[in-house]
Amino acid sequence: MKEATHILATDLDGTLVGDRKGLDGLLEFYNKQKFTVSLIYITGRHYQSALSLIQEENLPVPDVLVTDVGTEIHIGAPLKKDLEWENKMLGQWQPEAIDGFAAPFEGLQKQDLPVTNRCSYYAEDIKIVEAFENSLTEAGIPHRLIYSGGRDLDILPAGSGKGSALEYILDKFSAREAKILVAGDSGNDKEMLTLGHPSVMVGNAQPELLECPESKMIFRASKACAGGIQEAWTHFHPE
């Protein structure tokens, strides 16, 4: 992906994946172009879950796979873990302490995930989410909180997130001059959609994402999922 000329950086569920006809149309559209589109998948799924989805949906293997809401990065055909990013993420990470602070909150339900690089919970009361974050902040525990879908609460290492991971990748591969499109559908995509790159909120985007201020760099697609990605691509990159 070094010095890529065209890049699609996209969430998976509800964005690239979710409408088979639209996905097939997008992939066919890219295959007909004279340029090669480098693919970056940026998902909230953990690594094994993301691999399963790629296989189930017969998706192209990406040049870079970002998992766990931006806390892990996997690069190249073997999808080898980026150890530089991992060291950056885990330097001050305290998952046991975070789970300890979560325990007294009856409105927080721990998600059963096979990872330790994020602490994820189900939470339906924003007041409980706010109180939990206040307790972490007062305790001086470095973290990043992302709440999306009115239910999914992720506590991540400080400095992480989908947007931070994407910026790291663009710098690592000297790809800042590439024609890029960033695509998402939910609250945990907000950071990467508001970086200032050409971006798209697909037509089925969740209300929390649609609350973002209007911007000429954010295209609000009328079509859902991959169809909305293609709609935005031709808007920003009509060549």
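The chain exposes about 11,200 Å², and carbon and sulfur atoms supply 49% of it. Accessible areas come from the Shrake-Rupley method with a 1.4 Å probe; for residues, only the protein chains shown count as cover. This is a predicted model: local features need pLDDT of at least 70, side-chain atom pairs count only at pLDDT 80 or more, and totals for chains, interfaces and linings use all residues. Residues are numbered from 1 along each chain as its sequence is written, and side-chain values use heavy atoms, leaving out hydrogens and water.

Of the 239 residues, 50% count as buried (under 20% relative accessible area, with a 1.4 Å probe and protein chains only; over 50% is exposed, in between partly exposed). The C-alpha trace spans about 55 × 35 × 35 Å along its principal axes.

Now the rings. A search of the whole structure finds 7 aromatic pairs. Rings of Phe, Tyr and Trp (its six-membered ring) pair if their centres lie within 6.5 Å; planes under 30 degrees apart are stacked, over 60 edge-to-face, the rest tilted.

Phe29, Tyr30, Phe35 and Trp233 form one aromatic cluster.

Tyr121 and Phe132 have ring centres 5.6 Å apart and planes at 85°, so they pair edge-to-face. Tyr121 is buried at 2% relative accessible area; Phe132 is buried at 0%.
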